[in-house]
Amino acid sequence: MAKLLRIDMTDRTYKIEDLPDKYRLLAGRGLTSSIVHDEVDPMCHPLGPKNKLILAPGIVTGTGAPTSSRISVGAKSPLTGGIKEANAGSGFPPSLASMGIRAIIVEGQPEEKDEFWMAHLTWDGEAGQPRIEFLPADEYVGKDLHKVFPKLFKRFGKVNIAGIGTAGEYLYGDSGVVFDDMKGRPARYAGRGGLGAVMGSKGLKFIILDSKGAPGVEFADKEAFDKGRKKLTKALMEHDITKPKGALNTYGTAVLINIMNEAGGLPTRNFSNGRFEGAAKIAGEAVFEGNKERTGKELYNHACSPGCIIQCSNTWHKPDGTEHVSCQEYESIWALGANCGIDSLDATGELIRLCNAYGLDTIEMGTTIAVAMEGGLLEFGDADKAIELMHKIGKGKAVGRILGSGTATAARVLGVTRVPVVKGQSMPAYEPRAVKGIGMVYATGTMGADHTQGYTIAPEILGVSGKVDQFDRDKADLARGFLEATAFIDSTGHCLFIAFAILDIASGFEGLVEECNGVLGTNWTLDDVGRIGKEILAKERAFNEAAGMTNLDDRMPEFMKLEPLPPHNVTWDIPDETLDAVWES
Amino acid sequence: MITVYVKLFATLRQHRPGLEIGEAFPVELQDGATLRDLVRCLKLPEDQVKLIFVNALSAELDRTLTDGDEVGIFPPVGGG
């Protein structure tokens with residue numbers, strides 16, 4: 001019987017509840033969004049006592065399905081004021097799932113501000129259920145996570161960790177929830193939307209998860225599950241992008257730097273250009289070759305979480321061959337590199353490492369620093385000054401407190417009008433003027449500007465799931481289709497990168513659905529994917545509406561309508577009716 | 001004869017060792033040559049040629065090239 005684990009931070013108590021019947025078929029994002037919809041007052045202050053932080057592994061997390069160790073984290077976002085789901089890969093999700101816990105719900109708020117606690121979550125073999133011991137976390141507050149994580153592993157042994165850095169302690173809109181990677185680094189993030197601040201506002205610094213003795217995930221039909229698992233695995237092993245030594249395993253996501261640059265859609269210097277002259281120096285090929293030069297080896301990428309067979313995460317090395325940071329992803333390199341006019345992997349590497357040290361979302365940090373550059377706090381390209389600013393943010397200095405609040409706030413404070421933001425969240429590494437479909441996703445998606453909620457780049461640029469002209473403006477159906485399918489995949493516990501394979505290989509998609517049936521005892525077909533996605537999105541939109549959002553929030557910033565973007569000299573010219581059409585069907 | 005300027009990316013770079021990342025090299029082709037002709041001339045396996053940009057616009061293999069075109073060629077790749 002699946003359980004909900006409710007933690008009340010007002011009095012540091014917890015309850016184990018049977019999973020209500022209405023949630024029987026929900027997990028991951030489907031569950032976090034349902035609980036936020038059902039239990040959180042849409043008008044609450046995101047940092048007040050009435051917000052709730054939900055952590056939920058996916059439907060097949062912990063089952064041995066390939067590339068499925070993902071967790072969704074949900075709440076009302078302090079950054080957008082609407083519903084938020086952020087997603088991370090780690091050993092934490094399958095460990096949590098092995099306890100039979102479908103979701104952790106963190107609610108309430110301590111009376112004493114600035115007191116932080118840890119929840120040590122273990123399996124009580126005698127009672128046959130999870131057990132939590134609350135411990136003071138003061139000795140870890142205000143510290144670099146790279147120094148804290150080793151202390152936690154030394155103290156608690158072989159555990160998994162979810163938590164916040166100083167960014168969450170300072171309640172920044174830029175703060176993420178950090179999870180441990182396969183080498184115990186504080187390097188995996190449910191990054192977007194300021195969820196670290198929600199956790200911090202509840203005085204919860206870490207969840208230390210020790211799943212030793214836990215019973216494991218239950219199957220309704222193990223045979224059906226195994227059949228589906230094999231089909232999905234086959235698709236992942238076959239597809240050029242996901243296969244071993246394929247694109248992602250060799251070059252990681254950063255290979256996109258050169259692609260988006262060629263396409264003229266790589267946002268550069270605070271979204272003022274679609275091409276960056278330094279792109280080649282910070283792309284995936286440069287990571288591969290830099291590592292080869294510095295270590296003498298051809299390094300292929302590693303898994304972020306147990307059971308991943310795609311293995312797309314890189315490790316960047318210093319000139320002396322020692323490790324600098326893991327990992328330099330496309331989004332992080334873009335945000336702190338091209339978007340800031342910085343063309344050095346050593347600089348982006350250090351900026352990313354500092355985000356990991358302080359608990360910051362690299363995307364929002366990069367777009368915020370770029371706005372700070374445009375606003376005159378430092379020059380575009382000044383990596384040293386950017387690193388200085390990053391320390392001020394992490395350490396809570398006055399200018400840091402402003403920048404820690406995110407791109408929209410920084411722009412407002414500095415009088416910058418080129419503000420690349422939708423619903424308060426900054427845009428990721430795809431220029432909407434040059435790639436109209438992803439722009440539609442940024443504008444109309446429930447999460448604010450977010451590429452992972454509907455990755456139309458796949459057909460628009462990469463030729464996956466067909467090929468669509470990046471400039472074609474008639475994309476309401478494309479956006480809607482991707483938003484729906486993604487909401488489903490986000491609920492399964494699989495990494496979204498399985499989409500590269502399953503959108504091209506139908507048997508892979510069938511296998512995914514069969515896996516879910518094998519765990520839940522359902523009879524879903526491919527037709528149910530869209531239906532389930534629609535249901536999740538309907539709850540998210542209902543929450544956003546009740547929180548005060550209207551279709552006027554599904555719009556792009558003014559500067560994109562007025563400023564033509566080089567090299568194509570295109571503006572954002574999608575009519576409002578087309579945007580509204582995404583939801584009107 | 002026409003001259004086009006070609007950049008090879010990711011795993012395709014092994015077909016042109018010694019080239020800087022993002023560095024374009026000139027290729028001479030017959031008038032009226034297509035992208036397919038270019039791919040054959042460079043001895044790239046066609047199934048590894050997935051994404052092609054000509055002057056920043058996506059193009060297919062049957063596209064005719066003109067003098068001075070800038071061509072970027074990628075194998076199947078993905079990202080996030």
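1. Basis. The model is predicted, so local features need pLDDT of at least 70 and side-chain atom pairs count only at pLDDT 80 or more, while totals for chains, interfaces and linings use all residues. Residues are numbered from 1 along each chain as its sequence is written, chains are lettered from A and ligands numbered from 1 in the order in which they are written, and side-chain values use heavy atoms, with hydrogens and water left out.

2. Extent of the interface. Chain A brings 32 residues to the contact and chain B brings 22 residues, contact meaning heavy atoms within 4.5 Å. Between them the two chains bury about 2200 Å², and 62% of that is on carbon and sulfur atoms. Buried area here is the accessible area (1.4 Å probe) that two parts lose on being put together, summed over both. Of the area that chain A buries against chain B, 24% is supplied by I259(A), E262(A) and E285(A), more than by any other three residues.

3. Two salt bridges are found between chain A and chain B, a salt bridge being a side-chain nitrogen of Lys or Arg within 4 Å of a carboxyl oxygen of Asp or Glu. E262(A) pairs in this way with K7(B), and their closest N and O atoms are 3.0 Å apart.

4. Helices (H or I, at least four residues) and strands (E, at least two) are DSSP runs, numbered from the N terminus. α8(A) gives the largest share, four residues. By class, this side has 18 nonpolar, seven polar and seven charged residues. Ala, Val, Leu, Ile, Met, Phe, Trp, Tyr, Cys and Pro count as nonpolar, Asp, Glu, Lys and Arg as charged, and the others, Gly among them, as polar.

5. Cavities. There are two cavities of 30 Å³ or more. On a 1 Å grid over the protein atoms alone, a cavity is a set of points where a 1.4 Å probe fits but cannot get out, and lining residues have an atom within 4 Å of a point. Grid points are joined across faces, edges and corners, and a volume is the space filled by probe spheres set on the points. The largest cavity holds about 50 Å³, and its lining includes T250(A), Y251(A), F288(A) and N291(A). α9(A) gives four residues, the largest share of that lining. The lining has four nonpolar, five polar and no charged residues. The second largest cavity, of about 30 Å³, has L25(A), I59(A), S491(A) and W524(A) among its lining residues. Its lining divides into seven nonpolar, one polar and no charged residues.

6. A pocket. The second largest pocket has about 570 Å³ of space, a pocket being an open set with protein on both sides within 12 Å along at least five of seven lines. Of its 29 lining residues, M1(A), A2(A), G100(A), R102(A) and E218(A) lie nearest its centre. β6 (101–107), β8 (129–136) and α20 (506–520) of chain A each give the lining at least two residues. The lining has 18 nonpolar, six polar and five charged residues.

7. Backbone. Most residues other than glycine have a negative phi, and most peptide bonds are trans. The bond from S326(A) to C327(A) is cis, with omega near -5°, and C327(A) sits in the loop between β14 (323–325) and α10 of chain A. P566(A) to P567(A) is also a cis peptide bond, with omega near 0°; P567(A) is in the loop between α22 (558–562) and α23 (576–584) of chain A. N270(A) has a positive phi, near 55°, and lies in the loop between α8 and α9 of chain A.

8. Salt bridges overall. Over all chains the structure holds 46 salt bridges. One of them joins E17(A) to R6(A), with the closest N and O atoms 2.8 Å apart. E17(A) is in strand β2 (residues 13–18) and R6(A) in strand β1 (residues 3–8) of chain A, eleven residues apart.
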